[in-house]
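Visitor: I have the model open. Please show me how to read its features one at a time.

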Amino acid sequence: INNTNCEYIHIDVMDGTFVPSSAFDSDTIKKINLLSKKKLDFHLMVNNPSSYIENCVKQGASIITIHLEENTNINKDIKFIKDLGCKVGLAINPNTSIKEASKFLKDIDILLLMSVFPGRGGQKFINKTYSKIKFANSLINQKKLNVKIEIDGGVDNRVSNKLFDIGANILVSGSYVVKNKNKYHAVSTLKNQ
């Protein structure tokens with residue numbers, strides 16, 4: 001991965017409660033941080049993300065993304081992440097509308113649209129994500145905001161071009177890259193290079 005032209009390593013942090021899976025304890029993240037030459041993008045799929053934010057910063061986070069769902073402290077978490085010097089992402093699940101996230105757009109750097117239901121790798125891309133990207137892009141442009149749209153889940157070289165064409169800025173791809181023997185080629189095909 002260090003030898004590819006990807007810009008970040010996306011780390012899913014799962015607590016086994018917000019999603020049924022658990023992933024990436026502190027020791028594993030320390031190892032990734034020691035080996036990675038890329039910036040780290042932490043995606044907190046957890047209940048009570050506030051308790052994880054400071055540790056992510058200590059582990060070298062450039063971006064920290066929290067979920068809109070089941071979070072009563074979104075404004076507080078956004079401020080906390082910014083105060084610690086990281087970019088802020090807000091993620092929404094496939095069944096959450098863009099309108100629910102729209103009131104936070106002025107305060108975030110990245111809107112992460114889940115294109116699968118979180119918690120399990122290797123899922124098929126959900127096609128209704130395309131219309132959500134278009135709607136999010138129109139809202140961001142209408143409000144003249146500098147918010148990037150990130151897509152996570154089922155992203156491979158069959159959907160990447162269309163995602164960029166309709167307004168996505170950042171693509172997260174796990175299974176497609178990890179299962180590909182030539183990581184450089186896999187990332188390059190996603191970026192159409």
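Guide: Start with H10, which sits in strand 1 (residues 8–15). Strands (E, at least two residues) and helices (H or I, at least four) are DSSP runs, numbered from the N terminus. This is a predicted model: local features need pLDDT of at least 70, side-chain atom pairs count only at pLDDT 80 or more, and totals for chains, interfaces and linings use all residues. Residues are numbered from 1 along each chain as its sequence is written, and side-chain values use heavy atoms, leaving out hydrogens and water.

Visitor: Is H10 buried or exposed?

Guide: Buried means under 20% relative accessible area, exposed over 50%, partly exposed in between (1.4 Å probe, protein chains only). H10 has 19%, so it counts as buried.

Visitor: Which residues is H10 in contact with?

Guide: Contact means heavy atoms within 4.5 Å. Beyond four places in sequence, H10 contacts D41, H43, L112, E150, D152 and V172.

Visitor: Which residues touch the most other members of the largest nonpolar core?

Guide: Such a core is a set of buried Ala, Val, Leu, Ile, Met, Phe, Trp, Tyr and Cys residues joined through side-chain atoms within 4.5 Å. Here the core has 50 residues, and L111, I151 and L163 touch the most other members. Helix 5 (residues 129–142) gives the largest share, five residues.

Visitor: Where is E70 found?

Guide: E70 lies in the loop between strand 4 (61–67) and helix 3 (74–83). Its phi is near 55°, positive in a non-glycine residue. E70 is exposed, at 63% relative accessibility.
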